Amino acid sequence: MPQMILVAGPYRSGTGDDPALLEANERAMHLAALEVFRRGHLPVTGEALALPLIEAAGGGAPGDRAFDEIFHPIARRLVARCDAVLRIGGPSKGADEMVVIARAHGARVLHSIDELPPATRPSTADEADR
């Protein structure tokens, strides 16, 4: 059965808020999410949900008011609804917090895409696409 998997990794950690490094961290999460998808699961990242909302709220810089209002709170809400967390990358207080929350909700924590088995059956939407 397909599961919803949160990909959690560093976003700001170690970047000094350099836009190129932030983008590289986000891309690493997107690549991991693609692998989750290819195994038949539903990948999600907090960044994919938070960043557009931050922009809509008038924010734009990491650590500004809109960023602080939305970025980690949306991830906390999201992880509570996921079946598992795939923790990638290096040090990150935010990603480590997602691991703690996942465990508190009984969700699995994976440290490698190889720990995630393929979904046992495609969703109805996947079948319709074939």
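The model is predicted: local features need pLDDT of at least 70, side-chain atom pairs count only at pLDDT 80 or more, and totals for chains, interfaces and linings use all residues. Residues are numbered from 1 along each chain as its sequence is written, and side-chain values use heavy atoms, with hydrogens and water left out. Helices (H or I, at least four residues) and strands (E, at least two) are DSSP runs, numbered from the N terminus.

**Helix α3**

- Helix α3 covers residues 65-79, which is 15 residues.
- The expected span is 1.5 Å times one less than the number of residues.
- Buried residues of α3 are A66, F67, I70, F71, I74, A75, L78 and V79. Buried means under 20% relative accessible area, exposed over 50%, and partly exposed in between (1.4 Å probe, protein chains only).
- The cover over these buried residues includes strands β1 (4-8), β2 (42-44) and β3 (84-87). It also includes helices α2 (46-56) and α4 (93-104).
- At the start of α3, a side-chain oxygen of D64 comes to within 3.3 Å of the backbone nitrogen of A66. This is a polar contact: a pair of N or O atoms within 3.5 Å; within protein, one must be able to donate a hydrogen and the other to accept it, and residues adjacent in sequence count only if both atoms are side-chain atoms.

**Salt bridges**

- The count comes to 5 salt bridges. Each is a side-chain nitrogen of Lys or Arg within 4 Å of a carboxyl oxygen of Asp or Glu.
- One of them joins D17 and R12, with the closest N and O atoms 2.8 Å apart. D17 is partly exposed at 28% relative accessible area. R12 is partly exposed too, at 31%.
- Another joins E97 and R76, with the closest N and O atoms 2.5 Å apart. This pair links distant parts of the chain: E97 sits in helix α4 and R76 in helix α3, 21 residues apart.
- E97 is partly exposed, at 26%. R76 is partly exposed, at 34%.
- D96 and R87 also meet in a salt bridge, 2.9 Å from N to O. D96 is partly exposed at 38%, whereas R87 is buried at 9%.

**Nonpolar surface patch**

- L31, L34 and F37 make a nonpolar surface patch of about 270 Å².
- Patches take residues with over 30% relative accessible area and no salt bridge; like charges are joined within 9 Å, and nonpolar side chains (Val, Leu, Ile, Met, Phe, Trp, Tyr) within 5 Å. Accessible areas come from the Shrake-Rupley method with a 1.4 Å probe; for residues, only the protein chains shown count as cover.
- L34 belongs to helix α1 (residues 19-38). Its relative accessible area is 33%, so L34 is partly exposed.

**T45**

- T45 sits in the loop between β2 and α2. At 5% relative accessibility, T45 is buried.
- The T45 side chain reaches the backbone nitrogen of A48 at 3.0 Å.
- Beyond its neighbours within four places in sequence, T45 is in contact with L6, V7, M29 and L78. Contact means heavy atoms within 4.5 Å.

**R108**

- R108 is in strand β4 (residues 108-110). It is partly exposed, at 34% relative accessibility.
- R108 and L86 are 22 residues apart in sequence, and their C-alpha atoms are 8.6 Å apart in space.
- Setting aside neighbours within four places in sequence, R108 is in contact with Q3, D83, A84, V85, E115, L116 and P117.
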